[in-house]
Structure formats: C-alpha cells, structure tokens
Amino acid sequence: MTPGRPVPPPLAKPVTLDSKEDRSGTLAAAYGATSPESGLVPLTVARRTPTADDIEIAIEFCGLCHSDVHATRGEWRVPPYPLVPGHEIVGRVTRVGAGVQEFAPGDRVGVGCMVDSCRECESCLEGLEQYCERGNVGTYGAVDPRHGNQITQGGYSTSVVVDRRFVLRIPEALDPAAAAPLLCAGITTYSPLRYFDVEEGDSVGVVGLGGLGHMAVKIAKAMGAVVTVFTTSESKFTAARELGADHVVLSKDADAMEAANRSIDVIIDTVAAPHDLNPYFRTLRLDGALFQLGLPADDMPPVSPGLLIRRRLAYAGSLIGGIAETQEMLDFCAEHGVVSDVEIVAAGQLNEAYDRMVAGDVKYRFVLDTATLQEQSERADA
C-alpha cells in the first residue's frame, strides 16, 4: 500500500465569455430555503442559456447530503438566500453548446459538489480542482465569477446548466437514483482510499456507519480490503456485516479495542461529532494513517503526539475528489456494482427528510425524485 494519487489530464485554460452571452435562459421548478427558519419551500430558478462550453441537464434525481441541512439552515454561515441546495445531481443531457463534443443529448450525466474552478493554479492543473487555490465554485450558494457573479443554485430542481469540464458521465450500468450519492459520499470516501493505494489484503477501518461510512465499507471491499467497522452501537453490527464488513468492533468496549491493536492499515473516520481519536490510532499498524472525513462543528479532543511518533502514523484530511478522479470512481463503481443504499423521497417530504437526517433516521441516503417537483411561483435567481 503506497500513498499516491492519480494524475488526470489537466483542465483547459480559462475561457473569456462573450459579453453578449444570452442570459434569458429557462425557468426550472425547485425547492429551497428563503431564510434559516423557512424550511424548504417551492421556488423557481432561472437557468442560463447554454454557452459554447455548457451542457443543459434535465435532472432526474438529486441526493440529500447532511451539508445541505447545515447550509440551508445557516448553521455554518449565513448563505445568500434564496438558496436551492443539492450537489449530487443525476440527469439526462437536453442541450449542448457548440464547443461540446464529449456529450450529446440523451446522455446520462452527473454533477457533483463543484461547477467550476480557476483552471490555472497548480492544483487545478494537476486535476485537483477541489483544492483550487482560489477556491472552487460550489454547485450551490457560491459566487460564479465566470457568469456575472451570479449565485449558483443546486440540484433540488428540474434542470441545471453546467460547464462541460465539470460534468461527469454516469455509466448506464448504475441505477441513477442510487448513483446520485456517489457524487459526494462516494468520491469523498473513494479519494483517500485511492490516495493510499488500498489493494487486496490491506486492512481498512471505518469509523461510523452512516451515509459516508456505508460507502467506505462498500468501496473498500470492492478494492479487496479486509474491512473493520468501529461503531458505538451494537445495533449496527448486523447492518455492518450486511454491507460486507469482515469485523465489527464496539468502540466503547476497551477490551474489544485492545484486541484490535495494530490490526489496521488505514482508517476512514466519517463521524461528524467530536470524539476521541487516540483509541483508533492504537489500532493502526506501523505507517498507518487516519483520514478525517467527518467535520465536527465543535473542537475535537486533543491528539496524543506520542501515538503518532511511535508508529510513524499520519493524521490527514481529505475533500471530495477532482473531476478525473470522480469519473474514475464512477467507472470503478459500475465495474464492481457499488451504489448507495437509498430511500427515494418526493419534494413534499424534503423537510421531513431533513429532520430524519438530523436524527440519524436514514439507511443510508435520501434521494429526491425531481419528477415530484411542481411549477412554483417564487423565484431564486441563478
């Protein structure tokens, strides 16, 4: 197992938009928030007319991510309202710009967590657009400098227009609804496993068994790893084994954690609440690594440097993946039959689904069926 990363082809250099760009666009039915307290309400989104490098997509499904809850409720920052969330988008191409050759109307495609980047910094040129040194342009709630500094609006809508460089091909072998969460939860867990070059026989630990955790189990197993799930709840034992876990450890059982000492090569930590990492470091072998994917709102307990030093351990973070790596992940999942376990919801169930996500009452991801969206009256300019 050797740390590294794929070297995808770089993006094209930045383009200068024609000042006469047609912004009349089309209207899309959507659901979004108008304030931190509004909940999700019916909206109408204006989508731009595709430029030469753009692709217009009729959205079929959009996954619900816990970050959507934080964003719409203003729990991380106060976003620009109205705000239409959704960055796990799957649909069919309806129109393409004159410069688009790799996609055609009718193709099934996806859009993940970002819709642009500077395209010229070192990270972008290495295919690591998620780490754009000027900041990537998020799929919703972000200023889009290439299109008049408009605020991006996401996938809880019937259509979207995205630059071809940030559109992904969804293999037809994948169920479109179950593939939607791959564009966030899938790539978020695939990327650190790929970076650490996990292969057959390696030992992977997964902390937490939610939306991210269940994808980490499935992807690690598809890579041939021996997977151990660490959980605080004995009720998750059966579910972990059903997903393919080889071992399940009750992390609050000191004896069970001691038995796991020096048994793991890499840990994927998906827990988004403050928790003590030191017991997990003790389960790592020499040169092991723990990747933090969960983002707690409050401070974590301190890490003991001695644990890292004595086994040359690495403690790292990881953020989604670049466009080329995300396409690689989708193709890998199609080859190995890996998709998310989903519950499909209608537009009228979105607020209930948000409350259930906060309560942990989902197994394991909600996905919006956009066919349930209706024509709406209030407008969220995109």
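In this predicted model, strand β12 and strand β13, the latter formed by residues 226–231, pair in the parallel sense over 5 bridges. Within this pairing, Val 207 stands opposite Phe 230 in β13. Both strands belong to an open sheet of 6 strands, in which the order is β14-β13-β12-β15-β16-β17 and the pairing is parallel. The edges of the sheet are taken by β14 (247–250) and β17 (314–317), each of which has a single partner strand, so that one side of each is left without a neighbour in the sheet. On average, and with direction ignored, neighbouring strands of this sheet are turned by 20° against each other.

Helix α4 packs on this sheet, where it touches β12, β15 (264–269) and β16 (284–292), and the direction of the helix makes about 155° with that of β15. Helix α4 also meets helix α10, which spans residues 323–336; the axes of the two come within 10 Å and cross at roughly 100°. Because this crossing angle falls between 65 and 115 degrees, α4 and α10 are roughly perpendicular to each other. The contact between them involves Gly 186, Ile 187, Tyr 190, Ser 191 and Arg 194 on the side of α4, and Glu 325, Thr 326, Glu 328, Met 329 and Phe 332 on the side of α10.

The loop between α4 (185–195) and β12 (203–207) contains Asp 197, for which phi is near 55°, a positive value in a residue other than glycine. With a relative accessible area of 31%, a value that lies between the limits of 20% and 50%, Asp 197 is partly exposed. A positive phi in a residue other than glycine is also found at Asn 149, where the value is near 60°; Asn 149 lies in the loop between β8 (143–144) and β9 (150–151).

Two cis peptide bonds are described here. The bond from Tyr 81 to Pro 82 is cis, with omega near -5°, and Pro 82 is placed in the loop between α1 (66–72) and β4 (89–96). A cis peptide bond also joins Lys 363 and Tyr 364, with omega about 5°, and Tyr 364 is found in the loop between α11 (350–359) and β19 (365–369).

Strand β1 (residues 26–32) is joined to β2 by 7 bridges, and the two run antiparallel; the bridge partner of Ala 30 in β2 is Leu 43. Strand β2, formed by residues 41–47, is mostly covered, since 5 of its 7 residues are buried. Strand β3 (residues 54–64) and β4 likewise run antiparallel and are joined by 7 bridges, with Ile 89 in β4 as the bridge partner of Cys 62.

Arg 312 is located in the loop between α9 (305–311) and β17. Because its relative accessibility is 57%, and the limit for exposed residues is over 50%, Arg 312 counts as exposed. When residues up to four places away in sequence are not counted, Arg 312 touches Leu 286, Asp 287 and Gly 288. Arg 312 and Arg 92 are 220 residues apart in sequence, and their C-alpha atoms are 47 Å apart in space.

As regards the confidence of the prediction, the mean pLDDT of the chain is 92, and 92% of its residues reach 70 or more. Over residues 5–23, by contrast, pLDDT stays under 50, and for this stretch the model has 39 contacts beyond four places in sequence.

Definitions and conventions: Residues are numbered from 1 along each chain as its sequence is written. This is a predicted model: local features need pLDDT of at least 70, side-chain atom pairs count only at pLDDT 80 or more; totals for chains, interfaces and linings use all residues. Side-chain values use heavy atoms; hydrogens and water are left out. Helices (H or I, at least four residues) and strands (E, at least two) are DSSP runs, numbered from the N terminus. Buried means under 20% relative accessible area, exposed over 50%, partly exposed in between (1.4 Å probe, protein chains only). Two strands pair if DSSP finds at least two bridges between them. Axes are lines fitted to C-alpha atoms, for helices over the stretch in contact, and angles run from 0 to 180 degrees between N-to-C directions. Contact means heavy atoms within 4.5 Å. pLDDT is the predictor's confidence in each residue, from 0 to 100. Angles under 35 degrees count as roughly parallel, over 145 as roughly antiparallel, 65 to 115 as roughly perpendicular and the rest as oblique.
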